[in-house]
Amino acid sequence: MSEFKPLVFSGVQPTGNLHLGNYLGAIRKFVALQDNNDCMYCVVDLHALTAQLVHEDMRGQIRSITAAFLAAGIDPKRHIVFNQSQVPQHAELAWIFNCVARIGWMNRMTQFKDKAGKDREQASLGLYAYPSLMAADILVYRATHVPVGEDQKQHLELTRDIAMKFNMDFMEKIRPTGLGVDITVGDEPVHAYFPMVEPLIDGPAPRVMSLKDGSKKMSKSDPSDLSRINLMDDSEAISRKIRKAKTDPDALPSEVDGLKGRPEADNLVGIFAALADKTKAEVLTEFGGQQFSVFKPALVELAVEVLAPINAEMRRLMDDPGHIDAVLRDGGERARARAEKTMTEIRDIIGFVR
């Protein structure tokens, strides 16, 4: 190989209702990337076990995420849409990466500290090893690019660390196989089996915040449903939540710098910008000096215009679970074929007998 074939990979956990933050921060980006890239989009159901072991309706959650992918415009024939548990090679590579990753690396992962809270002794081993499985999700396909939110950027850096250590540790075993690529990491030449994955983080609203508290990320787990706009919300619910969204008493500024120290205003302007495919500066050129009593109705109209068709298509798809399952089976078969090719090569590099 002379270079790594470009491939985009990303996934979404089937836990709770998908919301506007998931759409703007991930799914809409997935749709745009498919026009010029080879893409694989995964419902990461194995990861969902780290948040909650026993789920009341895991199948329903998996189908809901898949329906959102399809309703938003992802093409499962041109690309691959599948659920993680249908491809056991993810878990196989994750174990190898557990042996590659260092305890010190894992201890630095801030998301584990946040999710485990004060009683870390009661957190599952799966939650601790979550980043290792995420690295396997990506690298079992030797993906080169991953669209991620800011909260996952640290995990992607760990993925690069794991890839680099594997490449360095096995470099002399990789070279005879003819499967490696000569790359330079910093000033160091490396004959690599795994690529150094690049994050794709862009757009005016990569991190959508709660409608009730602009300092907190919009979350499926927030106890207040008013804190988020769910993709399954109808037009009336979208309107009610935006009108009730927390703001401050001041008018919108005319310049982006005027949003500093105003997290709720910054969040709503960012949401409008993302939905309208504009910059925050362009939104403020239109609405600067206006009160939220003017801005919120315009945001309601825009949000309903963008989200209502997705909502309707999701509902149609959820009424036909057989179709969703067929999409996942087809995607799973195609993903397994790619993953098994990688794992066969890795088993040979490591030296397993097969």
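**Exercise 1.** Which residue takes a positive phi just after H14?

*Solution.* The model is a predicted one, and the helix to start from is H14, which covers residues 321–350 and has 30 residues. From its first C-alpha to its last, H14 reaches 41 Å, close to the 44 Å expected at 1.5 Å a residue. Just after H14 comes Gly351, whose phi is positive, at about 110°.

**Exercise 2.** Determine how H11 is covered, and name the helices against which its buried residues pack.

*Solution.* Begin with the extent of the helix: H11 runs over residues 263–276, and its 14 residues reach 20 Å between the first and last C-alpha, close to the 20 Å expected at 1.5 Å a residue. Next, take the accessibility, where buried means under 20% relative accessible area: 11 of the 14 residues of H11 are buried, so that the helix is mostly covered. Among these buried residues are Glu264, Asn267, Leu268, Ile271 and Leu275. Finally, the buried residues of H11 pack against helix H1 (20–33), helix H12 (280–287) and helix H13 (292–318). Just after H11, Asp277 takes a positive phi of about 55°.

**Exercise 3.** Describe the packing of H11 with H12 by angle, axis distance and contact residues.

*Solution.* The axes of H11 and H12 lie 9 Å apart and the two helices pack at an angle of about 105°, which makes H11 roughly perpendicular to H12. On the H11 side, the contact is made by Asp266, Val269, Gly270, Phe272 and Ala273, while H12 contributes Lys280, Val283, Leu284 and Phe287.

Methods: Residues numbered from 1 in each chain as written. Predicted model: local features only at pLDDT ≥ 70, side-chain atom pairs only at ≥ 80, totals over all residues. Heavy atoms only, no water. Helix = DSSP H or I, 4+ residues; strand = E, 2+ residues; numbered from the N terminus. Expected span 1.5 Å × (residues − 1). Buried < 20%, exposed > 50% of the residue type's maximum accessible area, 1.4 Å probe, protein only. Contact = heavy atoms within 4.5 Å. Axes fitted to C-alpha atoms, helices over the stretch in contact; angles between N-to-C directions. Parallel < 35°, antiparallel > 145°, perpendicular 65-115°, else oblique.
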